[in-house]
Amino acid sequence: MSSIADILMKLWASWNIRGLIILSLLVQCFLVLFAPLRKQKGGKWVFMTSMWFAYLLADWVATFTIGLILRSERSFILVFWAPFLLLHLGGPDTITSFSLEDNEFWIRHLLGLVLQIASTAYVILHSPPHNKLLFPALLVLIAGIIKYAERNRAFYLASFERYGDKGKAFSYQRETEDSSDRGTRKELLAPYGIIKNLLVGPLLTPKYRFSSKQALEEKRPEQALQMMEIELSLLYEALHTKLPVVHGKIGYFFRAISLGCIFGALLSSRLILQHPKLRHFDILLTYGLLIGAITLDFISIGMLIFSDCNLAYYCLRRSTNVRIMAWIQNRVINRRRWSKIILQHNFITYCLNDYPDWLIKFADFLYLRTFLEAIKKKQLLSSRELNEQVWNFIFEQVKSVAVSARTVEMGKEICLRRGNGILDSHEKYRELVWSVKELDYTESLVTWHIATEFCFHEEDCNSSENMGYRKISKSLSDYMFYLLEVEPAIMGTVSMDRKVVREATYYQIKSFINGQSSLDGKNVSRAIFAINPEFDFMSPIGRKPVFLYARKLAHQLKELDESIGFPWELMSKVWVELMCYAAINCRPNVHAQQPSRGGQLLTIVWLLMNWFGLGTQFATELHDVV
């Protein structure tokens, strides 16, 4: 046993620094290549966990390896490797922060910069005498300082306080001199900046509200979606990458110096590395570090050139060639910028899929019940891609109410509606208003969710038009329940009592299906719907749960017009209003977190509403603008 331990200790002593340097380089490659995919695959928990692990591992490995070099008997090759670790601590251009909270710790990262530069400089200054790699090491040190400083400045510029320093009310300027298709393309890629104002708080001018609303009214639904996607992509690049630092003359200048230093180190060390005393593996590793640094820099430069920020900049320049604009239109504008996935969660399905009693008791004993419930919710999630039908319907509904909001006050009043706007619009629908006015938002949402489920399984649609509305209602119902149950941070401001509502409703449904585990969601929904709506259940907390309201609502919906069945178009419109209410009441900083997590339809809707002038951050008069 002791011999095995001795072998492992000798192996660690010989390969610890080399192995960690290779690991550090591989992690940098992974982050450069895959970090941009966060916008598209943020909903994939395996991918996000891997990205989070790599992000944390990158800093830890580089810092730990510098510490090992400090404690080792420093040869001139180890001294040359040390500044590469500082270069790795600077991180790739494609990811500076994993979450918004990382940006707020820029002072801590600044202190880390000072300490790591001091440690690396100490290694170089105490290198063996007559070190011929000293000059190349100093060149790499300069490149590492520039890269690490870029990362710290990116943290600083993306911190909430600094990000808001330049937040002013934008006056929207349209391309009026060019009515051709080129002008349309410029509008699609122009960084309008409305989202920045929404995040940092300054009120938007009445002129801006009128201009942005007018511009969006002229767009087709797919063009409007592209505009929202591009603006959220610009936000991601500003908050989570080095683009705000690198983009510009000063950034380009320092990037040229950094790249030039690496090239200089490669050329100046080429002959020295042919020293006969150097191990062949060490020579290969050194070339790997040099060529890897250059390659990753060129990849980052390529990503910078084709970033939305850079493309928007060139699209706004009057000198941009028409052919270049056409290429951007055909190849770049239509690229995928978020997952376009609508995650689905269903309450009836959740109630039908319980863990065994012994497992629940065991989890309670270990105080892991909450963790077990979270796993269950993740297992029961399904997903649907945002299709043209759903988006067009949402866009037209928001547009229709925005057209009627001629003033800021009317726009703010519309934002307070959570279904009552649609139900009050027609005399025969007013008997349903109780489901949104007499209940709080969480109760209304769960009531409509369960009622939609009852109606969905009760009726088999024959009309193609009604079938479309039926699918829209089902998609939005399950999506909003997913946000309520799985993403409480997003719905936090409008769902304060969600646990009480869920537990009471869960108890009611479980009491009905107890002993009928063979039933599926469709049969359970039909069986509950068939019960006399006047029949009452006992409530575990002394009040009627929303389960009873849902049965009542489903029967009322069916009785509205027996000739057409369930009013799916009406139900779809109510769901859009419920979603718009949640979107506009969600905190802006929570919306800002979504692009790095794959995006959310709710955030797209929030931005769409503000583009249409429906929001709370529009000034009534010009003197109200901060």
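Q: Which hand describes the crossing of helix 25 and helix 29?
A: In this predicted model, helix 25 and helix 29 cross in a right-handed manner. That term applies because the near helix is turned clockwise from the far one by less than a right angle.

Q: Which residues make the contact between helix 25 and helix 29?
A: Helix 25 contributes residues including Val-446, Trp-448, Ile-450, Phe-454 and Cys-455. From helix 29 come, among them, Phe-547, Tyr-549, Arg-551, Leu-553 and Leu-557.

Q: What makes helix 14 and helix 15 roughly antiparallel to each other?
A: The angle between helix 14 (residues 249-269) and helix 15 (residues 280-305) is about 155 degrees, with 10 Å between their axes. Angles over 145 degrees count as roughly antiparallel, and the pair is therefore described in that way. Helix 14 passes helix 15 in a left-handed crossing. Among the residues that meet are Tyr-252, Arg-255, Leu-259 and Phe-263 in helix 14 and Tyr-287, Leu-290, Asp-297 and Phe-298 in helix 15.

Q: Why does Thr-120 count as buried?
A: Thr-120, which lies in helix 6 (residues 106-125), has a relative accessibility of 1%. Leaving aside neighbours within four places in sequence, Thr-120 is in contact with Ile-66, Ala-82, Pro-83, Leu-86 and Leu-141.

Q: Is Cys-351 buried or exposed, and what relative accessible area decides the matter?
A: Cys-351 has a relative accessible area of 0%, and the cut-off for buried is under 20%. Cys-351 is therefore buried.

Q: Why does Cys-29, with a relative accessible area of 26%, carry the label that it does?
A: A value of 26% for Cys-29 lies between the 20% limit for buried and the 50% limit for exposed. Cys-29 is therefore partly exposed.

Q: How many disulfides does a search of the whole structure find?
A: The search finds zero disulfides. A disulfide would need a pair of cysteine sulfur atoms within 2.5 Å.

Q: What does the secondary structure of the chain come to, and what percentage of the 626 residues is buried?
A: The chain has 32 helices and two strands. Buried residues account for 54% of its 626 residues.

Terms used. Residues are numbered from 1 along each chain as its sequence is written. This is a predicted model: local features need pLDDT of at least 70, side-chain atom pairs count only at pLDDT 80 or more; totals for chains, interfaces and linings use all residues. Side-chain values use heavy atoms; hydrogens and water are left out. Buried means under 20% relative accessible area, exposed over 50%, partly exposed in between (1.4 Å probe, protein chains only). Helices (H or I, at least four residues) and strands (E, at least two) are DSSP runs, numbered from the N terminus. Axes are lines fitted to C-alpha atoms, for helices over the stretch in contact, and angles run from 0 to 180 degrees between N-to-C directions. Angles under 35 degrees count as roughly parallel, over 145 as roughly antiparallel, 65 to 115 as roughly perpendicular and the rest as oblique. Contact means heavy atoms within 4.5 Å.
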